[in-house]
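The following note is written for a colleague who is meeting this structure for the first time. Please read the numbered points with the sequence and the model open.

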Amino acid sequence: MIITDLDVLRGGLLLCLAGAGIWDLRSRRVPNRWVAFWYGAGLCISACGGVAAAGGYLGRSLVVTAVFFPLFLCRMLGAGDIKSMALICGYLGFSSGIRAIGAGLALASVWGIIELKRRRILWDRLRYLVAYLGRVCREKRAVIYHGEGGDGERAAIPLVAFLFLGLIALYLMKAI
């Protein structure tokens, strides 16, 4: 059996997201030093494939960060979530990365709905979402999703843990 750079990247990504997911579950934060280490490792492995491979890794990471950054500004995603999604696309490429992120978001959505139903606040949260979207349309600008008195921290989903589970699911289904 021959181990390729892609196998090393995938193994590193699994280790990265497993650790980040545990931190996200425990403290709702992903340490920058953890992400920086794995980001650097991915860049080094990509650079072994040449300047174009390293540039692709950096470019994919930058695009994902730019796309999701507005959600961070509105407090809909955490910085660790965005950094983890950037790593996923950096390591796997856009096609596989988007599938992995989509799988993680789908799992997080199901868990979130179940949790909101369990706490008997699903309809309250959906009404809040509709009111928020109406406010954004009326004011024609993005506003912070959880304002004063909101339950942002309490309602936060440990998304990185679900990104890890989505990645595992796709690996098991051989979808990436």
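Which residues are linked in a network of salt bridges?

1. The network joins Arg135, Glu139 and Arg141, a salt bridge being a side-chain nitrogen of Lys or Arg within 4 Å of a carboxyl oxygen of Asp or Glu. Arg135 forms a salt bridge with Glu139 at 3.0 Å between the closest N and O atoms, and the side chains of Glu139 and Arg141 meet in a salt bridge at 3.1 Å, N to O.

2. Before going further, please note that this is a predicted model, in which local features need pLDDT of at least 70 and side-chain atom pairs count only at pLDDT 80 or more, while totals for chains, interfaces and linings use all residues. Residues are numbered from 1 along each chain as its sequence is written, and side-chain values use heavy atoms, with hydrogens and water left out.

3. Arg135 and Glu139 both lie in helix α6, four residues apart, about one turn of the helix, where helices are DSSP runs (H or I, at least four residues) numbered from the N terminus. Arg127 and Asp124 are also both in helix α6, three residues apart, and their side chains meet in a salt bridge at 2.5 Å, N to O. Arg127 is exposed, with a relative accessible area of 52%, whereas Asp124 is partly exposed at 43%; buried means under 20% relative accessible area, exposed over 50%, and partly exposed in between (1.4 Å probe, protein chains only).

4. The buried residues of α6 are Leu122, Arg125 and Tyr132. Seen down the axis of α6, they fall within an arc of 80°, so they line one face of the helix, the arc being that of the directions from the helix axis to the C-beta atoms. The face turned away from this buried side carries exposed residues, among them Trp123, Val130 and Cys137.

5. Ser61 has its place in helix α3 and, at 3% relative accessibility, counts as buried. A polar atom of the Ser61 side chain lies 3.4 Å from the backbone oxygen of Ala86.

Definitions and conventions:
Helix = DSSP H or I, 4+ residues; strand = E, 2+ residues; numbered from the N terminus. Polar contact = N/O pair within 3.5 Å; in protein donor to acceptor, adjacent residues only side chain to side chain.
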